[in-house]
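My notes follow in the order I checked things.

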Amino acid sequence: MSSSITPVFTADAAPPAGPYSQAVKANGLIFCSGNIPADKDGNLVSGTIEELTLTTSQDAVFTNIIAILKAANSDLSRVVKTTVFLDDMANFASMNSVYGKYFPTNKPARSCVAAKQLPKGVPIEIECIALEN
């Protein structure tokens, strides 16, 4: 069985900050790169951990993830695994209160780890793996 790897890009999400894809599709899976609180032009946004996780503006982490999954022919209901990186585990409960709203019934497997420093000095980054529709 031959496999193909297809990069995914959408102008509706923050562009990659380096030599990588927003996501790649391979054998029915979508691997989304880590998403930070940046708008679709790549500008960082500020706010509380809740505001940075929410999709209340074009600037937050889940806005980017939702746009990338849509471009890859998927959505949050198809996410099977996420990894959340926090620069401070004191933000765990705050992040969790918002995160849970995006997965009310489909609760993917998840890891949450503290990182000494995240790209561009942001406090949160989330990556995911999803099934293609």
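I began with strand 1 and strand 2, which run antiparallel and are joined by 4 bridges. My rule for pairing was at least two DSSP bridges between two strands. Helices (H or I, at least four residues) and strands (E, at least two) are DSSP runs, numbered from the N terminus.

Before going on I noted the ground rules. This is a predicted model, where local features need pLDDT of at least 70 and side-chain atom pairs count only at pLDDT 80 or more, while totals for chains, interfaces and linings use all residues. Residues are numbered from 1 along each chain as its sequence is written, and side-chain values use heavy atoms, with hydrogens and water left out.

I traced an open sheet of 6 strands with mixed pairing, in the order 1-2-3-6-4-5. Strand 1 (5-8) and strand 5 (109-114) are at the edges with a single partner strand each, so one side of each has no neighbour in the sheet. The twist from one strand to the next averages 15°. Angles run from 0 to 180 degrees between N-to-C directions, with axes fitted as lines to C-alpha atoms, for helices over the stretch in contact. Helix 3 (residues 92-102) packs on this sheet and touches strand 4 (79-86), strand 5 and strand 6 (124-131). Its direction makes about 150° with that of strand 5.

**Lys25.** I found Lys25 in strand 2 (residues 23-26). Thr6 stands opposite Lys25. Beyond four places in sequence, the contacts of Lys25 (heavy atoms within 4.5 Å) include Ile5, Val8, Ile30 and Ala72.

**Rings.** I counted 4 aromatic pairs. Rings of Phe, Tyr and Trp (its six-membered ring) pair with centres within 6.5 Å; planes under 30 degrees apart are stacked, over 60 edge-to-face, the rest tilted. Phe62 and Tyr102 are stacked, at 4.2 Å centre to centre and 10° between the planes. Phe62 is in helix 2 (residues 61-71) and Tyr102 in helix 3, 40 residues apart. Both are buried, meaning under 20% relative accessible area (1.4 Å probe, protein chains only). The rings of Phe62 and Phe103 have centres 5.9 Å apart and planes at 65°, so that pair is edge-to-face. I logged Phe62, Tyr99, Tyr102 and Phe103 as one aromatic cluster.

Definitions and conventions:
Buried means under 20% relative accessible area, exposed over 50%, partly exposed in between (1.4 Å probe, protein chains only).
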